[in-house]
Amino acid sequence: MKEFDESAVLKEMRKSLPENISYSDDDLLNIVDMIWDYYEMNGLLDVDIDSENDTDDEEIDIVSELIDYARRMLKKDKACKVNPDHLEALIRAELAYEDALDAEMLSD
């Protein structure tokens, strides 16, 4: 089983940005941490074997909620240089990476 790989998620997140935009590893990992903090605060780290029943609406809601949460956290974290306009692409890239890991796990 493949484990979460920080360098792989960073690569995916960077691919989601326009070519002229670049962020440090620390800034991007800060976004990843925000996503996982959100999961933890909302009880989403519990093992959910029945994820096939998730609807597209639920996915849209979580993306929207994650963006809102990350925007609030960015306002508090003056050291992070991520432009809030790039949050959706970065969050979607991180979620796509998680989905790929989940799909690989289910196929094993």
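Which residues form a nonpolar patch on the surface? The patch consists of Phe4, Trp36 and Leu45, which together have about 260 Å² of accessible area. The model is predicted, so local features need pLDDT of at least 70 and side-chain atom pairs count only at pLDDT 80 or more, while totals for chains, interfaces and linings use all residues. Residues are numbered from 1 along each chain as its sequence is written, and side-chain values use heavy atoms, with hydrogens and water left out.

A patch here is made of residues with over 30% relative accessible area and no salt bridge, where like charges are joined within 9 Å and nonpolar side chains (Val, Leu, Ile, Met, Phe, Trp, Tyr) within 5 Å. Accessible areas come from the Shrake-Rupley method with a 1.4 Å probe, and for residues only the protein chains shown count as cover. Trp36 lies in helix H2, residues 25-41 (helices are DSSP runs of H or I with at least four residues, numbered from the N terminus). Trp36 counts as partly exposed because its relative accessibility is 32%, given that buried means under 20%, exposed over 50% and partly exposed in between.

Helix H2 also meets helix H1, residues 6-15, and the two axes come within 10 Å and cross at roughly 95° (axes are lines fitted to C-alpha atoms over the stretch in contact, and angles run from 0 to 180 degrees between N-to-C directions). H1 and H2 are therefore roughly perpendicular to each other, a term that covers angles of 65 to 115 degrees. On the H1 side the contacts include Val9 and Leu10, and on the H2 side they include Leu28 and Val32, where contact means heavy atoms within 4.5 Å.

Side chains of opposite charge can pair when their charged atoms come close. A search of the whole structure finds three salt bridges, each being a side-chain nitrogen of Lys or Arg within 4 Å of a carboxyl oxygen of Asp or Glu.

| Salt bridge | N to O distance |
|---|---|
| Lys15 and Glu12 | 3.2 Å |
| Arg14 and Asp25 | 2.6 Å |
| Arg92 and Glu88 | 3.0 Å |

The side chains of Asp25 and Arg14 meet in a salt bridge. Because Asp25 lies in helix H2 and Arg14 in helix H1, this pair ties together parts that are 11 residues apart in sequence. Lys15 and Glu12, by contrast, are three residues apart in helix H1, and so are separated by about one helical turn. Lys15 counts as exposed at 56% relative accessibility, whereas Glu12, at 29%, counts as partly exposed.

Definitions and conventions: Helix = DSSP H or I, 4+ residues; strand = E, 2+ residues; numbered from the N terminus. Buried < 20%, exposed > 50% of the residue type's maximum accessible area, 1.4 Å probe, protein only. Parallel < 35°, antiparallel > 145°, perpendicular 65-115°, else oblique.
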